[in-house]
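Please read them beside the sequence and the coordinates.

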Amino acid sequence: MQDQGKARFAKMLHHRAEKLKKGEPVAPPLISATTYHLPEVEGASHIYGRMAMPTWEAVEAQLGILEDAPCVAFPSGMAAISAALMAVLTERKRLIIPSDGYYVTRVFSAEILAAYGVEVIEVPTAEIATADVSGGAVVFIETPSNPGLECCDIALIAQRVRTAGGLLIVDNTTMTPLLQRPLDLGADMVVAADTKAPGGHSDILFGHVATRDVELAARVRNWRKLSGAVPGAFEAWLLHRGIETLEVRLERMCASAQVIAERLAAHPGVTNLRFPGLASDPSHEIASRQMSGYGFLIGFELPSGAAAEAFLAACPFITQTTSFGGTHTAGERRARWGDPVSEGFIRLSIGVEPVEPLWGAIAEALGNSG
Ligand SMILES: *Cc1c(COP(=O)(O)O)cnc(C)c1O
């Protein structure tokens, strides 16, 4: 992480302190109240739970410091993504999305947005920088993409989209605001699933939208209030706690991922390894320019679907789950979801285990799955 990012993180950790009165709790209280004392509406800090709750506001304050932008909290990453898209696809009717990105975004666009008259165009992440973005399109990118870990140049795309009168949304889930800063690179909006590394303990769904455009932020907030896609207080409270250790967890996860990616790449049974931190990776150059860490996700192939399943089953330190960014190293064979990847492709999310025992377990399981 860059020095500025570290300073932001330190400030975030103390964000409540300056407002505390003597005797108040340092950790934010979990307030799930739906109603607030309201003898008159004028001047009330809170009115009704669907409009705002103190516990989401604590998380929005944290995220706002990390993003350096107003943030709107949502009950999941998809709730944030759908809110951002619904808020901007009003007069704009053309949407470009990655063909190799998070698959639910594609399904949402194809099944819901298309039914509302939106023209949805899928473009591979590696080709979005040269795609036709004319006509005031909404361009949605994900870099590195999940699961293929393909990167695209955010600043270049932002400039092309802006010149064409369009709008750029970046799904920053795989990086978090600590490792990549799309708004600083010219994006109009960031969306993210805090379900992943920010929550970090595989026990909450959460998401947010960040934008420095006051009018866009107001539209997204209004969408949340009217659609009712509001986060729960308990989830917000857990996320607030999770975010406090995000920086130390990411530091361990990224450092371990680098070690494990290098060793996997050198392993004779492993092919087509993708990790942006390897100098040989096709995304290394772009990643080095726009990311301040290479993340904790690794993609690679074993010779067959069966070999991949056997490897995952044999490794005691890989949980077989479909998410990423948690404390436990997790892995899965993505072809089981119909992702456009080979049968033996595995996505690994490196956790916070000490790296040598983790590598020992992976190496042994690779031997056994041979
Ligand atoms: C997980 C994920 C989402 C969706 O998040 P949920 O909290 O599961 O709704 C969106 N984008 C990316 C890149 C993801 O990995």
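1. Helix α3 (residues 77-88) contributes three residues to the shell around the ligand, the most of any element; helices here are DSSP runs of H or I with at least four residues, strands are runs of E with at least two, and both are numbered from the N terminus. This is a predicted model, in which local features need pLDDT of at least 70 and side-chain atom pairs count only at pLDDT 80 or more, while totals for chains, interfaces and linings use all residues. Residues are numbered from 1 along each chain as its sequence is written, and side-chain values use heavy atoms, with hydrogens and water left out.

2. The ligand is surrounded by 14 residues, among which G77, M78, D171, T195 and K196 are the closest (a residue counts if one of its heavy atoms lies within 4 Å). By class, six of the shell residues are nonpolar, five polar and three charged.

3. Oxygen atoms of the ligand lie 2.6 Å from a polar side-chain atom of T195, 2.8 Å from a backbone N or O atom of M78, and 3.1 Å from a side-chain N or O atom of N146. Taken alone the ligand exposes 380 Å², of which the protein buries 93% (Shrake-Rupley method, 1.4 Å probe).

4. The largest nonpolar core has 38 residues, and F206, L250 and F296 have the most contacts inside it; such a core joins buried residues (under 20% relative accessible area) through side-chain atoms within 4.5 Å. Elements giving two or more residues to this core include α1 (3-13), β1 (71-74) and α9 (246-265). Another core, of 27 residues, lies apart from it and includes I298, L302, L348 and W359.

Definitions and conventions
A polar contact is a pair of N or O atoms within 3.5 Å; within protein, one must be able to donate a hydrogen and the other to accept it, and residues adjacent in sequence count only if both atoms are side-chain atoms. Ala, Val, Leu, Ile, Met, Phe, Trp, Tyr, Cys and Pro count as nonpolar, Asp, Glu, Lys and Arg as charged, and the others, Gly among them, as polar. Buried means under 20% relative accessible area, exposed over 50%, partly exposed in between (1.4 Å probe, protein chains only).
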